[in-house]
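Please examine the protein chain displayed below before reading the report that follows.

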Amino acid sequence: MRQITGRALSMILALTLMLSAGLAVPVMAGDDTQSGKQPDAAEILQPEGSGQSQQSDEEKTQQPAEIKTKTGKTKALTPAQKEAQEIKEYGKYKGKNAKKIPVITYHNVVTDRQKRSERYRYDSIVISKSDFENQMRWLKKNGYRTISCEELYLWHKGRIKLPKKSVLITLDDGRFGVPKNAYPILKKYDLKATCFVIGSYTMNNKPEYMKYREMKKIQNDYPNLEFQSHTWKLHYRFSLDKGVYSKVLKDAKKQKAKYGFEYLAYPYGRNNDQMIKAYKKAGIKMAFAYRQYGDGYATRDQNIYRIKRIKVQGNGSMYQFRSIFRY
Ligand SMILES: [Zn+2]
């Protein structure tokens, strides 16, 4: 209950801020959205830029948030106050601090029948619903604390402590199995997780991917499953050399304007110093790499823009899954 309240509060904060600034601008005008296909998209309360274009996105994130008090007055929250509130919310644990934390990565979660099909059988980034549920039940039963990106961020910065039994569950790409299969299971066991979405895909009616309205529904119904960035539309193996800074910055600003995300997972884990510079500039606070094999735990001495993650093998056994937590 405590977790939900904190998350709900930050959503209210963001909403109040946007409403008070009169920013109920629909995003249908986006250059790659299909107008008319997504009526729910009009509910997005993020500005398309016009009124605020004299400001950088970075400056926008530094604006004080506002919250309505019980008496109906609005109270401004500076970023420092907002963080103090988050520390109060997440920093109740006073025991021994975790030295490393597994950030586990899934992609798609499909029905058992789909998993048996030719299409998904050998695909190691696709896990069956019952395997996923077994793993989630195991985490719950064994007393793991599932955390948000914000909690990992505050831990990395040394502002809160986290127990050794902490885990950040992530799901990349925003595939159809997130709303259909992962979300009800996470909700059933009251677990937190983060889904990194490719922003433009939520607007484009791609059959393999989650729709905007599905994402919105989860945000309203179960904020413990949160959404963060997997780029706006840079989910391919582009050149990391010349021009990467401006390419990434442009994309990151677009994602920020549409969704306001603060955390990012690099597609395929590919990153370099120029990209990190661009994401910092665009207001991303922490970013995740991706390792297919080997030791991939997050530690506090890692570069905060290169936090390691561990892939959960879609065809792996329960024994393999549990071994991630033996350290
Ligand atoms: Zn991806």
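Against which helices and strands do the buried residues of H10 pack? They pack against helix H8 (177–188), strand S9 (193–197), helix H9 (199–203) and strand S10 (225–229). This is a predicted model, in which local features need pLDDT of at least 70, side-chain atom pairs count only at pLDDT 80 or more, and totals for chains, interfaces and linings use all residues. Residues are numbered from 1 along each chain as its sequence is written.

**Overall composition**

The protein chain has 13 helices and 14 strands; helices (H or I, at least four residues) and strands (E, at least two) are DSSP runs, numbered from the N terminus. Of its 327 residues, 39% count as buried. A residue is buried if 20 or more other C-beta atoms lie within 10 Å of its own, exposed if 12 or fewer, and partly exposed in between, with C-beta atoms placed from the backbone. Two residues are in contact if their C-beta atoms, likewise placed from the backbone, lie within 7 Å. Among contacts between residues at least 6 apart in sequence, 65% join residues at least 24 apart.

**Helix H10**

In helix H10 (residues 212–221), the buried residues are Tyr-212, Met-215 and Ile-218. These residues lie on the same side of H10 because they cover an arc of only 125 degrees around the axis, the arc being that of the directions from the helix axis to the C-beta atoms. An α-helix has 3.6 residues a turn, so residues three or four places apart point the same way. The exposed residues Asn-220 and Asp-221 are carried on the face of H10 turned away from its buried side.

Strand S8 (residues 166–173) is largely enclosed by the rest of the structure, because eight of its eight residues are buried. Two strands pair if DSSP finds at least two bridges between them. The pairings of S8 are listed below.

| Partner of S8 | Sense | Bridges | Residues opposite each other |
|---|---|---|---|
| Strand S7 (residues 145–146) | parallel | two | Arg-145 and Ser-166 |
| Strand S9 | parallel | four | Thr-170 and Thr-194 |

From S8 the chain passes through H8 to S9, forming a right-handed β-α-β crossover. A crossover is right-handed if, with the strands pointing away from the viewer, the path from the first strand over the helix to the second runs clockwise.

**Helix H7**

Helix H7 (residues 149–156) is mostly covered, with eight of its eight residues buried. Among them are Glu-150, Glu-151 and Trp-155. Gly-158, which follows H7, has a positive phi near 80 degrees.

**Helices H11 and H12**

Two packed helices are described by the angle between their axes and the distance between the axes. Helix H11 (residues 244–259) and H12 pack at an angle of about 30 degrees, with their axes 8 Å apart. Axes are lines fitted to C-alpha atoms, for helices over the stretch in contact, and angles run from 0 to 180 degrees between N-to-C directions. The crossing of H11 and H12 is right-handed; a crossing is left-handed if the near helix is turned anticlockwise from the far one by less than a right angle, and right-handed if clockwise.

Tyr-279 belongs to helix H12 (residues 273–281). Tyr-279 is buried because 25 other C-beta atoms lie within 10 Å. Leaving aside neighbours within four places in sequence, the contacts of Tyr-279 include Val-248, Ala-252 and Tyr-305.
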